[in-house]
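Biologist: I am new to this protein, and I would like to be taken through its model step by step. Could we begin by looking at it together?

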Amino acid sequence: MKNIITQFSRLFVGILFIISGLIKLNDPLGFSYKLEEFFSEPVFNMPFFVPYSLAIALFLVILEVVLGVMLLIGYKSKYTIWSLLILVVLFAFLTFYSAYFDVVKDCGCFGDALHLIPWQSFTKDIVLLFFILILFFNQKLIKPLFSNTIQNILAFASVVLCCFMGYWVLNHLPLIDFRPYKVGTNIKTAMEIPDNAPKSVVEMVFIYNVNGVNKEFKEKDLMSLPVGAKFVDRKDKVIVQGYLPPIHDFKLELNGNDNTQLIFSREKSLLIVAYDLEKSNPGALQKLDKLYKDASAKGYYVAIVTGSSNDIIDSVKKKYGFTFDFLFCDATALKTVERANPSFVLLHYGNITQKVHYNDIDELRL
């Protein structure tokens, strides 16, 4: 019986780690953005780690997959199980911290393929911890499946294949697009809220400074504020989350005017997505003027969509001699549209027909 439970734990933990790791390895940039949230000032206040977020993300997701493979084949079981135990304790701490302090809404355990709120992620980690502890106390029952030579080859191959996959998706596109902006999506339709959709329940919370300490008060408590309390801020606390459409933060502005619906009304649009122009690939930016001329000749409306400030936009226009429109959109939303900076999105009446990384600009089907 003990052996059956141990082998089930081995399969469950190994497969779950491989699936979780591969989903994040499919989009390591997305996972790095999630790590940046944890390193940000409101959470752990470790800004010195932000520049290394992508490297840390790649290391963690490759480690997840490789440890899953090593567990399944029984490779160096003592080292493998200890590593899994340390990793799941770390994840459990992060998810508990996110849930308890309500700082990161989605921990990104399964990327964009499956969104879990922090308490769900924490529960998942506790379940994993339970099964890993079973493995920990029954390490002698984890036997290798193959000879030492084959075990070494399989372990090494898993590392090499994971590294290649990470390199490929960073320099092209994710192998599978789980995001709401995948090809075939009509952005306008994905932004709509059904008439019978459940509404959010929001509570206003007022922050007052009382004797040098900021305290929160509900609206019903305002009539009994302490003498001398000074207003600091007001925030809306979501008690019950209503229906949230798949796309809810996509807004294109031109000179302060909302041009979103105008873009959706165009038969052919080429949006050059560059969430941060200062971080955009210079070689790709140098090709945009020719691309603009080629696309315009075929009837396309061409614009760069960015979250950069007007000063940076003016600097880029002057440097590269761009004459086409620059549309403003929230940078976080643009990171969800596509990870490459810049990337290229073709629209047909708001329907996404093609998305291309800047390394694959020649594959654009105009």
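Biologist: How many helices and strands does the secondary structure of the protein come to?

Modeller: Please keep in mind throughout that this is a predicted model. Its C-alpha atoms fill a box of roughly 70 × 65 × 45 Å along the principal axes, and 45% of the 366 residues count as buried. Among contacts with a separation of 6 or more, 71% are between residues 24 or more positions apart. The secondary structure comes to 12 helices and 10 strands.

Biologist: Is helix H2 largely enclosed by the rest of the structure or largely open, and how many of its residues are buried?

Modeller: Helix H2, residues 28-39, has 12 residues and reaches 16 Å from its first C-alpha to its last, close to the 16 Å expected at 1.5 Å a residue. Its buried residues include Leu29, Tyr33, Lys34 and Phe38, and what covers the buried residues includes H1, H3, H4, H6 and H12. H2 is largely enclosed by the rest of the structure, because the number of its 12 residues that are buried is 10.

Biologist: Which residues does Val13 contact, leaving aside its neighbours within four places in sequence?

Modeller: With neighbours within four places in sequence left aside, the contacts of Val13 are Leu71, Leu84, Leu128, Phe131, Ile132 and Leu135.

Biologist: Which residues lie nearest the centre of the second largest pocket?

Modeller: This pocket has a volume of about 520 Å³, and its lining has 13 nonpolar, 7 polar and 6 charged residues. H2, H3 and H6 each supply at least two lining residues, with the largest share, 5 residues, coming from H2. Of the 26 lining residues, those nearest the centre are Leu29, Tyr33, Leu54, Tyr275 and Arg339.

Biologist: How many polar and charged residues does the lining of the largest cavity have?

Modeller: The structure holds 1 cavity of 30 Å³ or more, and about 30 Å³ of space lies in the largest cavity. Its lining is made up of Tyr181, Ile187, Phe250, Leu271, Val337, Val345, Leu347 and Ile352. By class, that lining has 8 nonpolar residues, no polar residues and no charged residues.

Biologist: Does Val273 count as buried or exposed?

Modeller: Val273 has its place in strand E6, residues 269-274, and its C-alpha atom is separated by 9.3 Å from that of Gly307, which is 34 residues away along the chain. Leaving aside neighbours within four places in sequence, Val273 is in contact with residues including Val305, Leu334, Val337 and Val345. Buried means under 20% relative accessible area, so at 3% relative accessibility Val273 counts as buried.

Definitions and conventions: Residues are numbered from 1 along each chain as its sequence is written. This is a predicted model: local features need pLDDT of at least 70, side-chain atom pairs count only at pLDDT 80 or more; totals for chains, interfaces and linings use all residues. Side-chain values use heavy atoms; hydrogens and water are left out. On a 1 Å grid over the protein atoms alone, a cavity is a set of points where a 1.4 Å probe fits but cannot get out, and a pocket is an open set with protein on both sides within 12 Å along at least five of seven lines; lining residues have an atom within 4 Å of a point. Grid points are joined across faces, edges and corners, and a volume is the space filled by probe spheres set on the points. Helices (H or I, at least four residues) and strands (E, at least two) are DSSP runs, numbered from the N terminus. Ala, Val, Leu, Ile, Met, Phe, Trp, Tyr, Cys and Pro count as nonpolar, Asp, Glu, Lys and Arg as charged, and the others, Gly among them, as polar. The expected span of a helix is 1.5 Å times one less than its number of residues. Buried means under 20% relative accessible area, exposed over 50%, partly exposed in between (1.4 Å probe, protein chains only). Contact means heavy atoms within 4.5 Å.
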